[in-house]
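Here's a quick tour of a two-chain model, taken one piece at a time. Have the viewer open as you read.

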Number of protein chains: 2
Amino acid sequence: MKSINMIELARELGLSVSTVSKALGDSHEISASTKKRVLELAKKYNYKPNPFASNLRKKKGKQIAVVIPEIVNNFFALAVDGIESVTRDKDYDTFIYLSHESAERERTVLGHLENGLISGIIISVCSGREGYSHFQDFYERTKLPLVFFDRVPDLLQFPKVITDNYHSSYEGTIKLIKAGSKKPLFITTAEPMFTSIERRRGFQDAVESQGIIFTDDMVLECGDDMDINYAIIKKIIGSKKAPDSVFASIEKFAITTYQVCKDLNLNIPKKLKVISYSNLRTATLLSPSLSTISQPAFEMGREAAQMLLKMIEKKSYAAANDIIVLNNDMAIRDSI
Amino acid sequence: MKSINMIELARELGLSVSTVSKALGDSHEISASTKKRVLELAKKYNYKPNPFASNLRKKKGKQIAVVIPEIVNNFFALAVDGIESVTRDKDYDTFIYLSHESAERERTVLGHLENGLISGIIISVCSGREGYSHFQDFYERTKLPLVFFDRVPDLLQFPKVITDNYHSSYEGTIKLIKAGSKKPLFITTAEPMFTSIERRRGFQDAVESQGIIFTDDMVLECGDDMDINYAIIKKIIGSKKAPDSVFASIEKFAITTYQVCKDLNLNIPKKLKVISYSNLRTATLLSPSLSTISQPAFEMGREAAQMLLKMIEKKSYAAANDIIVLNNDMAIRDSI
């Protein structure tokens, strides 16, 4: 049977299209007997509403944006899944934007979002080299609810979802030293970011708490280029002044460290102990299994989304100073 | 010094705001001497243009959407990076939507995209259980350029970027059998999808080409729930009728197979050989290193984006029957 549209349905019933539409939508303006007639004929013809039209009406304004630095990264991928687990239930559409670690791109995205279609934004910022005034400017201009997670502009007054970076980094470093490391190396990004600054501070304080003199060469700054990172890490790990342990502030630096050790035929953990911030699904399957500090990425996304929707739906900004701090999860495996 | 806006700049120069704006934009309507005056004063006051306003003007309509099933997946994450490597150069904004393997969600996203703000869409479809007529309907309604990649609706006439799934699956299966496997198991998704259907066909033909009788129990269908997958795979691999090799059509099934073997203390490759479609960065670091067939994910994204932008900018749909087929890359490692 050919499918029927709403106009044909109305014609056969001798009703207006508007009445049929309201009857199908169970409007209180339409009598029960009319609704019954409409639904029976709709059923007979297997009438299907145009999903595009009804979605457009229903969805107007129920849209949020998520701005993250990258997605080739298990942490951000899981966080987005956490965000969408909340927004889907509440019938919000979610747009995802990648800043590719560029503040210029962040500003472009904000400019794009200023058109009034979205109701709020969840952000994990790119490097803080150029500051975060564009977020403050955007907020003052639009008054749109903003929630930051993980990489947050720590001096700005916005709601935030973070984890205990300082504390978990401190504890991870203590594990390395208690396992015998006398010369740990902290591998981190060269870009100033809330997460890496806190983790570096935790590392340094832990080193000093164990009676080891902290020196600048205990911190190695790596970048985005995997080949250059490989060369730098190989040079240091293969040198005479090599560290006896590595604490990777970012997962990809741990993967490169493993590659270097494999290529140099260096035994982990005998020659080099390794621990890393990581949400790698294969951490337990690596050779040897990688000790990790995992952030609750999915949960962070969920918390951020719940906070944002509360702000949107209550039209209140009372949450502006809320900071939710979640715990990271340390798992010591064969790499220490 | 307080920052200055364009109105104040114009007032001090005794010029109209429009003239100042054009001068700062290096318009040919403005004389060189006026431009010089404007730029000097702008420099003196450290004038910064409002990035939001100029972006909004510049970016109008230069937007594309990307619809993918998920991002906790190295393949799609890399493909999106490939797409954005093209769109950023051409100054297009890219929206990313996740369908979460739901055709209903795909239809919702399409409904949302029908508002006319975007210029084209790149799609990797979710399961084909409900068919793909919503894409055809959308196209007929909007005439917006669509390009499909990897998971494509094979019977619809749209431009597509795919890889040689059949051929690479055939070759991978031959590798397993030549290495001694007599009872290979193909682990794939229960959902009908272009990629998995082609790969399954390649597996079956290769098995039969080697004089092994293909039976239905050589194919295991798994789903999205990792715990259930683990239980199913463990039951089969631990049984008396266990296979002697696994070909995983999707990366996550290989990771689960590794976990099962670790927990059952089964040696890979002695007791079970493993190969998988995978873009896992840690494939070489697993214990043992995983043999993989890698799709050129980044390249596929790039090709799809180039095709789409060509269609958008030339306002021509001549590409509608174009199919770009890229080669996959097989790497045999210690798991075979």
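How many residues of chain B are in contact with chain A? The count is 34 residues of chain B against 33 of chain A, where contact means C-beta atoms, placed from the backbone, within 7 Å.

## Ground rules

This is a predicted model, so to speak: local features need pLDDT of at least 70, side-chain atom pairs count only at pLDDT 80 or more, and totals for chains, interfaces and linings use all residues. Residues are numbered from 1 along each chain as its sequence is written, while chains are lettered from A and ligands numbered from 1 in the order written.

## The B side of the interface

On chain B, helices H4 (51-59), H5 (74-89), H6 (103-113) and H11 (251-264) plus strand E2 (93-98) each supply at least two residues of the side touching chain A. Helices (H or I, at least four residues) and strands (E, at least two) are DSSP runs, numbered from the N terminus.

## A sheet in chain A

Chain A has an open, mixed sheet of 6 strands, ordered E7-E6-E8-E9-E10-E12; strands pair if DSSP finds at least two bridges between them. E7 (219-222) and E12 (329-331) of chain A are at the edges with a single partner strand each, so one side of each has no neighbour in the sheet.

Strands E9 (273-277) and E10 (291-294) of chain A pair in the parallel sense over 3 bridges, and Ser276(A) has Thr292(A) as its bridge partner in E10(A).

## Two helices in chain B

H10(B) (226-237) meets H11(B) through residues including Tyr230(B) and Ile233(B) on one side and Phe253(B) and Val260(B) on the other.
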